[in-house]
Amino acid sequence: QESNTMSPEELKEVLKKQLEYYFSRENLANDLYLVSQMDSDQYVPIWTIANFNQVKRLTSDLQLIVDTLKSSALVHVDEKGERVRPNQKRCIVILREVPASTPVEEVEKLFTNGNCGRFVSCEFAHNDSWYITFETDADAQQAYKYLREEAKTFLGKPIMARIKAKPMAMNVFLPKNGLRSAEPTMYMQPVYAPPPAPPPPTQQQQQQYPLYSVLPQPWPATPQGYFDTASLAFQNAAFLNGFPAPGHYK
């Protein structure tokens, strides 16, 4: 286990970040297994989280995991300490573009103004972002309004802040046993509908072709005589070969 090389405080801090990551909006949008383990109230058994590989590398102490989850403002543990779910309160102000090297006292001083609500915790998260957790949603809204309208700058830079949104509204409704219910249309028999009748054929103008008789033509009753074309006279009294009179070949 990696916990052998860390102090108890360091172990709890690393464990807290890992547990909070599981219930972040970014992870819940893609972690289908974790979502499938949620009941209808979005609770997950803590022992399920304790069996995740990244958690087992840090600790096998279930009570430490429960205590760490209770100390996080991003999740909510039930009264029995057996289940955990994402925190649905908008009571966290995220202060961005503030380096991790900034003393925590400087960040807390920004929120000690009388126009801000009372905050519960102030800690660095990641990527130059700080999480300031308030007791109620109204206190967080009041602090956010103060930062935008009155304070406006911090450490010589414009304040970049927003209120942490609620965990994603997952479109998953699971019964208490954690199993998905079947789709209502899964077992429905399809209704048979006869195919529509084809349209009646349309009369198209067909091209007319001449008809030829296929019957043999009868031979004439008397055969025609043979004519010598060489002796056939034309109107100019000349013969076909251009001579005025038939030639003699004897």
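Helices and strands are DSSP runs numbered from the N terminus, a helix holding at least four residues and a strand at least two. By this scheme, Glu-97 is placed in the loop between strand 4 (92-96) and helix 7 (104-110). The structure described here is a predicted model. Its protein chain contains eight helices and nine strands. Of the 250 residues in the chain, 31% are buried. Among contacts with a separation of 6 or more, 61% are made by residues 24 or more positions apart.

The backbone at Glu-97 has a phi near 60°, a positive value in a residue other than glycine. In general, most residues other than glycine have a negative phi. Glu-97 counts as exposed, because its relative accessibility of 54% is over the 50% that sets this class. A positive phi, near 50°, is also found at Asn-127, again a residue other than glycine. Asn-127 belongs to the loop between strand 5 and strand 6, and with a relative accessible area of 67% this residue is exposed.

The loop between strand 5 and strand 6 (130-134) also holds Ser-129. In contrast to the exposed Asn-127, Ser-129 counts as buried at 10% relative accessibility. The C-alpha atom of Ser-129 lies 6.2 Å from that of Glu-97, although the two residues are 32 residues apart along the chain. When neighbours within four places in sequence are left aside, the contacts of Ser-129 are with Ile-94, Leu-95, Arg-96, Val-98 and Phe-124.

Three salt bridges were found in a search of the whole structure. One of them joins the side chains of Lys-16 and Glu-123, with an N to O distance of 3.3 Å. Lys-16 is part of helix 1 (residues 8-22) and Glu-123 is part of strand 5, so this pair ties together parts that are 107 residues apart in sequence. Lys-16 is buried, with a relative accessible area of 12%, whereas Glu-123 is partly exposed at 23%.

Arg-83 takes part in a salt bridge with Asp-39, in which the side chains meet at 3.0 Å, N to O. Because Arg-83 lies in strand 3 and Asp-39 in the loop between helix 3 (32-36) and strand 1 (44-45), the pair ties together parts that are 44 residues apart in sequence. The side chain of Arg-83 also meets that of Asp-78 in a salt bridge, at 3.2 Å from N to O. Through these shared partners, Asp-39, Asp-78 and Arg-83 are joined into one network.

One cavity of 30 Å³ or more is present in the structure. The largest cavity has a volume of about 40 Å³. Its lining is formed by Glu-20, Ala-73, Leu-74, Ile-92, Ser-121, Glu-123, Tyr-131 and Thr-133. Strand 5 and strand 6 are the elements that give two or more residues to this lining. By residue class, the lining of the largest cavity divides into four nonpolar, two polar and two charged residues. Domain 1 (8-86) and domain 2 (92-164) both contribute residues to the lining, so the largest cavity lies between them.

The lining of the second largest pocket comprises seven nonpolar, seven polar and six charged residues. Because domain 1 (8-86) and domain 2 (92-164) both give residues to its lining, the second largest pocket lies between the two domains.

Methods
Residues numbered from 1 in each chain as written. Predicted model: local features only at pLDDT ≥ 70, side-chain atom pairs only at ≥ 80, totals over all residues. Heavy atoms only, no water. Nonpolar A, V, L, I, M, F, W, Y, C, P; charged D, E, K, R; others polar. Domains from an automatic or database assignment. Salt bridge = Lys/Arg side-chain N within 4 Å of Asp/Glu carboxyl O. Buried < 20%, exposed > 50% of the residue type's maximum accessible area, 1.4 Å probe, protein only. Contact = heavy atoms within 4.5 Å. 1 Å grid on protein atoms, 1.4 Å probe; cavity = no way out; pocket = protein on both sides within 12 Å on 5 of 7 lines; lining within 4 Å. Points joined across faces, edges and corners; volume = space filled by probe spheres on them.
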